[in-house]
Amino acid sequence: MASWLKQVGDPVEPGEILAEIETDKALMELEAYDAGVLEQILAGEGARVPIGTPIGIIGDGSGSATSTSNHTAVGPAAAAPTDQASPTAPASHPGDTPVPVTSTAPAVTVRETAAASGDQAPDRKKSSPLARKIAEELGVDLSAVVGTGPGGRITRQDVESAHHADRLASPVEVTTAPESERSTPEPASAAYTEIALTTIQRVSATRLTESKQQALPHIYLTSAIDVTDLFSFRAQINDTLAQTDAGKVSVNDLLVKAVAVALRANPSINVSFAGHKLLQHSGIHLGIAVATPAGLLVPVLRYADRKSVSEIAAESRDKDERARDRKLRADEMGGGTFTISNLGMFGIEHFTAVINPPEAAILAVGAATDELRLDDGRVVTRTILRATMSADHRAIDGAVAAQFLQQLGDLLGHPLRIVT
């Protein structure tokens, strides 16, 4: 739970937003289906609740809805489909008072849990489809799991708890090193502050680990690109935009456009690895990594090659602000085919970034710095930017990646080619 926008005793009308729920990507608004009074909040701000768990109760205002027995008798109802941008509270059924407000996290809705009780044979324990899928992945025997859901139904949490208990109960072989090889451990400091990971940080940790485990053949290529003329070109664009009170264009906006143009010329980079085949994407959808207080988010600029630099600048500003405010929709952060991570504003000159699956490549952009170069025997000062491409070698050959970086450098070195 991120925050409640309604408090106990507040009247509720259909369509009003009751609360904001933090998902693995963004803040989702929880909308009310029915009129009434919010009589009880079951999950406070900051609480983590499983999918399908009631988080509040809407009644008629008489206070009769505050008893646990009344709440349990109602049970979770079907939630909104997963393809909707905002999860909503369930509709009430005739004779049901109060109405439970139910948490619906992305990818799995309460409908999946509620429907599970009617699609299994009588001799099998009731379990949600998600619980059965997790049990199969973890090798957990559902017949040995005690269900804590409605009617004894086995939930995902029950399966994971059973798996954890099995691991703790499994014997572990301990090997003791010889006395001569032992070292005295340093005493652990008792002074520390425990900081819980945000949902975004937990999901990012999982995805980054998967990237390094699954796309093991990472290759890295770094190019030092002369962007002296690019900076002058950007100044000319902003002088022109200032006459019409339009927003400014950043170096990153020009870089995004240049990457989109280079990808259009090199479709073999705009791919995903899929087992025994490659998926070459027809659309160029660029993810732009944004650091937020809650963790890293990656808004996606769809069909970036078809947009002007001004359009890219306006959309980037909008999505950057909404990413920091956790107001982006889930569909605005999915479907990327290539990602750009720019840390130049922090003075970082060179770094490597981890690929964002299922994409096959990511570009890490550092700060532009003035360097001395030789030009026809003369020492001159040029502005140099270093860009490092991480690529999945299963999908992209080193020579193909090198050609892409070479063309990107040529575009940035001759910025008029970006917009023509």
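**Close-up views of a predicted model**

Phe 338 is buried, its relative accessible area being 0% (buried is under 20%, exposed over 50% and partly exposed in between, with a 1.4 Å probe and protein chains only). This is a predicted model, in which local features need pLDDT of at least 70, side-chain atom pairs count only at pLDDT 80 or more, and totals for chains, interfaces and linings use all residues. Residues are numbered from 1 along each chain as its sequence is written, and side-chain values use heavy atoms, without hydrogens and water.

**View A. The aromatic pair.** The structure holds 1 aromatic pair (ring centres within 6.5 Å; planes under 30 degrees apart are stacked, over 60 edge-to-face, the rest tilted). The ring centres of Phe 338 and Phe 404 are 5.7 Å apart and the planes stand at 55 degrees, so the pair is tilted. Phe 338 belongs to strand 15 and Phe 404 to helix 9 (residues 398-413), so the pair ties together parts 66 residues apart in sequence. Helices (H or I, at least four residues) and strands (E, at least two) are DSSP runs, numbered from the N terminus. Phe 404 is buried, also with a relative accessible area of 0%.

**View B. Ser 316 in helix 8.** Ser 316 sits in helix 8 (residues 309-324) and is buried at 17% relative accessible area. Leaving aside residues up to four places away in sequence, Ser 316 touches Asp 253 and Leu 301 (contact is heavy atoms within 4.5 Å).

**View C. Ile 348 in a loop.** Ile 348 lies between strand 15 (338-342) and strand 16 (361-365). Its relative accessibility is 34%, so Ile 348 counts as partly exposed.

Note on methods:
Rings of Phe, Tyr and Trp (its six-membered ring) pair if their centres lie within 6.5 Å; planes under 30 degrees apart count as stacked, over 60 as edge-to-face and the rest as tilted.
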